[in-house]
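User: Can you take me through this one? I'd like to start with what follows one of the helices.

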Amino acid sequence: MEEGHGRERLEASFGALIDDTQGHFDREEQAMTASGYPEQRQHVEQHQAFKAKVAEVRERQRTVRGNIPTVEKLEFFHDWLIGHIQGTDSKLGEFLRAAGHT
Ligand SMILES: [Fe+2]
Ligand SMILES: [Fe+2]
């Protein structure tokens, strides 16, 4: 793969990841606000930490020579998403179901 194209594709992937994640987080956060979810602050802090980490990796990717190892990025995103969905999000889901918001 030619490096210039690799970079463009990575940039596009990061952009898409950030847009998708933002939309998803926004919907969850709206549901938390609408239902008066008591653990909203902690949950939103996790979303913010994830967005900050993605932005940091994206910035490093933009500025370093060569690429950050793909495996490093994928492992972080994968581990975070699995952990967040199985723990934090499923707790929110249970609350919303119990409160009749779904
Ligand atoms: Fe989620
Ligand atoms: Fe979430």
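Analyst: Glycine 100 follows helix 3 and has a positive phi, near 75°. Helices here are DSSP runs of H or I, at least four residues, numbered from the N terminus. This is a predicted model, in which local features need pLDDT of at least 70 and side-chain atom pairs count only at pLDDT 80 or more, while totals for chains, interfaces and linings use all residues. Residues are numbered from 1 along each chain as its sequence is written.

User: What is the mean pLDDT of the protein chain?

Analyst: The mean is 87, with 95% of residues at 70 or more; pLDDT is the predictor's confidence in each residue, from 0 to 100.

User: And where is confidence lowest and highest?

Analyst: Helix 1 (residues 3–35) is lowest, at a mean of 86, and helix 2 (residues 40–63) is highest, at 90.

User: Back to helix 3. Where does it bend?

Analyst: At isoleucine 85, by about 40°. The bend is the angle between axes fitted to the seven residues ending there and the seven starting there.

User: How many of its residues are buried?

Analyst: Two of the 29, so helix 3 is hardly covered; buried means 20 or more other C-beta atoms within 10 Å of the residue's own, with C-beta atoms placed from the backbone.

User: Why does leucine 92 count as buried?

Analyst: Because leucine 92 has 20 C-beta neighbours inside 10 Å. Leucine 92 is in helix 3.

User: Which residues does leucine 92 touch?

Analyst: Glu28, Met32, Tyr37 and His43, leaving out residues up to four places away in sequence. Contact means C-beta atoms, placed from the backbone, within 7 Å.

Terms used. Chains lettered and ligands numbered in written order. Buried ≥ 20, exposed ≤ 12 C-beta atoms within 10 Å, placed from the backbone. Contact = placed C-beta atoms within 7 Å.
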